[in-house]
Amino acid sequence: MAKHRVGLMWFEHDLRVQDHSLLRLAATETDQLICVYCVNPKWFSPNRYGLRSMGQHRWQFLQQSLRQLHQQLAPLGQQLLVSYRPPLETIARLISQCGVDVLYRSEQAGYYEQQYWDIVRQRYPFLDYVQEHTHSLFEQAQLASLLQPFPSSFSKFRKALEQGAAGNRLIDAIATPLAAPASLPPPPAQLAKLAASLAPYTDLQLPTTPADTALFEGGCEAGLTHLQAYFAAAHAQTYKQTRNSLDEFSHSTKFSPWLANGSLSPRQILAQLRLHEAQQGANDNTYWILFELLWREYFYWYARHYQQRLFAFAGISQRPSRTSFYAGRFQKWCQGNPPFPIVNACMKQLNATGYMSNRGRQLVASCLVHELGLDWRYGAAYFEQQLVDYEVAANWGNWQYLAGVGADPRGHRWFDLAKQTAQYDPQQEFIKRWQGDQFDHQLDHVDAADWPLS
């Protein structure tokens, strides 16, 4: 293949140099390469729900991840250009001022993220464009027969991956992780002058650094360190039994923050899981880690298939839930202040750390939809703002699932909060640690007549 003179590697949810097929491809196809990440100013302005898309915990984690990616690129002869201008403006300036010939970008799960790519392609039809799936276990071609028609439930998706004779199952065809490229082409000389003009706006209100409550350090190096340490220990041997713990760090894998921004790939995790099973043994607990990776995979393709319907009030079912919106009630839920101690504790944990257990997420979501009668999209948007491990597909897909407008064949998921408290926090240690039993008993007069809903 003839070499392109200048390539542009547009990083997004793929902040690593290992297991990155596009980066390896760019290394062989270009003479000069620009590596760019666009910090979108829209993330920090109020959205349709009156919230930010990017809160302080994820912003801190992202900044750490970008610094580590820059450090990983340096020995390969490259640098990471971080732009604080709108993506379309940034990409346009790089194309015009650096003479870009080919643009590389990972496939996106989110509909609106993909729109930026489509607009650039329409505006610059003379360029070459390359996209690959670096955020998933499978390539789209591997799942062609499985995704048409799209599986109506996760169970159907999983069983289709696992069926077939040994050696002929889709689950056995997942590619092994790729090594980092040995070197990369250098950036064009004019990039240094352009970089200064892409610095933050003086009026861009970036989130402040949170208090020292961060549970995670961002970046591909930190992610690999955690991945290897987790599987070197015996935690995976009891994962299924402990994964519903509300607060113990080692009781679940905690891979999700690095997976979310692509500092780790799901294939890297699967490879380490297989190595752990070979060394320490495979059982139902270790299988359940793969099970959760497949859930994430399902929502990735779910988001790509349903596109805008991922954000619709009626979901993919097109059957709206019987909920509405009450501003005061929603604010109490956000603050951890409704009359449900287990929910309060989970929400206060989220606000303080940017993280909440999987069990906690189900409980607070069930409360918002089924106890408080609120529009599920506001809960999903608040999670988007607060979670350090926010992913568009998993977040909005899971909220649809619980609200009864998504892929759940049962219609909706309602959790008895008293029963859940007795099962997962019988001594109320978690509730006391996060002060879930301290809340305002005075309800807004507008909501008091019908709260909680029966």
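Let's start at Tyr-378, which counts as buried because its relative accessibility is 16%; buried means under 20% relative accessible area, exposed over 50% and partly exposed in between, using a 1.4 Å probe and protein chains only. Before going on: this is a predicted model, in which local features need pLDDT of at least 70 and side-chain atom pairs count only at pLDDT 80 or more, while totals for chains, interfaces and linings use all residues. Residues are numbered from 1 along each chain as its sequence is written, and side-chain values use heavy atoms, with hydrogens and water left out.

What does Tyr-378 pair with? Rings of Phe, Tyr and Trp (its six-membered ring) pair if their centres lie within 6.5 Å, with planes under 30 degrees apart called stacked, over 60 edge-to-face and the rest tilted. That rule gives 46 aromatic pairs. In one of them, the rings of Tyr-49 and Tyr-378 have centres 4.9 Å apart and planes at 80°, so this pair is edge-to-face. Tyr-49 sits in the loop between strand S2 (30-38) and helix H2 (56-73), and Tyr-378 in helix H15 (residues 376-386), so the pair ties together parts 329 residues apart in sequence. Helices (H or I, at least four residues) and strands (E, at least two) are DSSP runs, numbered from the N terminus. Tyr-49 counts as buried too, at 12% relative accessibility.

Another edge-to-face pair is Phe-311 with Trp-396, at 5.1 Å centre to centre and 70° between the planes. Here the link spans 85 residues, from Phe-311 in the loop between helix H11 (284-306) and helix H12 (327-335) to Trp-396 in helix H16 (residues 392-403). Phe-311 and Trp-396 are both buried.

Back to S2. It pairs with strand S3 (residues 80-83) in the parallel sense over four bridges; DSSP must find at least two bridges for strands to pair. Tyr-37 stands opposite Val-82 in S3. From S2 the chain crosses through H2 to S3 in a right-handed β-α-β crossover: with the strands pointing away from the viewer, the path from the first strand over the helix to the second runs clockwise.

Further along, strand S4 (residues 102-106) has five of its five residues buried, so it is largely enclosed by the rest of the structure. In a regular strand the side chains alternate between the two faces of the sheet. In S4 both faces are covered, by Val-102, Tyr-104 and Ser-106 on one side and Leu-103 and Arg-105 on the other. Five bridges join S4 to the parallel strand S5 (residues 128-132), where Gln-131 stands opposite Arg-105. Together S4, helix H4 (residues 111-123) and S5 form another right-handed β-α-β unit.

The loop between S4 and H4 holds Glu-107, buried at a relative accessible area of 14%. Its side chain makes a polar contact with that of Arg-304 (3.2 Å); such a contact is a pair of N or O atoms within 3.5 Å, where within protein one must be able to donate a hydrogen and the other to accept it, and residues adjacent in sequence count only if both atoms are side-chain atoms.

Last stop: helix H17 (residues 417-424), whose buried residues are Leu-417, Gln-420 and Thr-421. Down the H17 axis they fall within an arc of 100°, so they line one face; the arc is that of the directions from the helix axis to the C-beta atoms. Ala-418 and Lys-419, on the other side of H17, are exposed.
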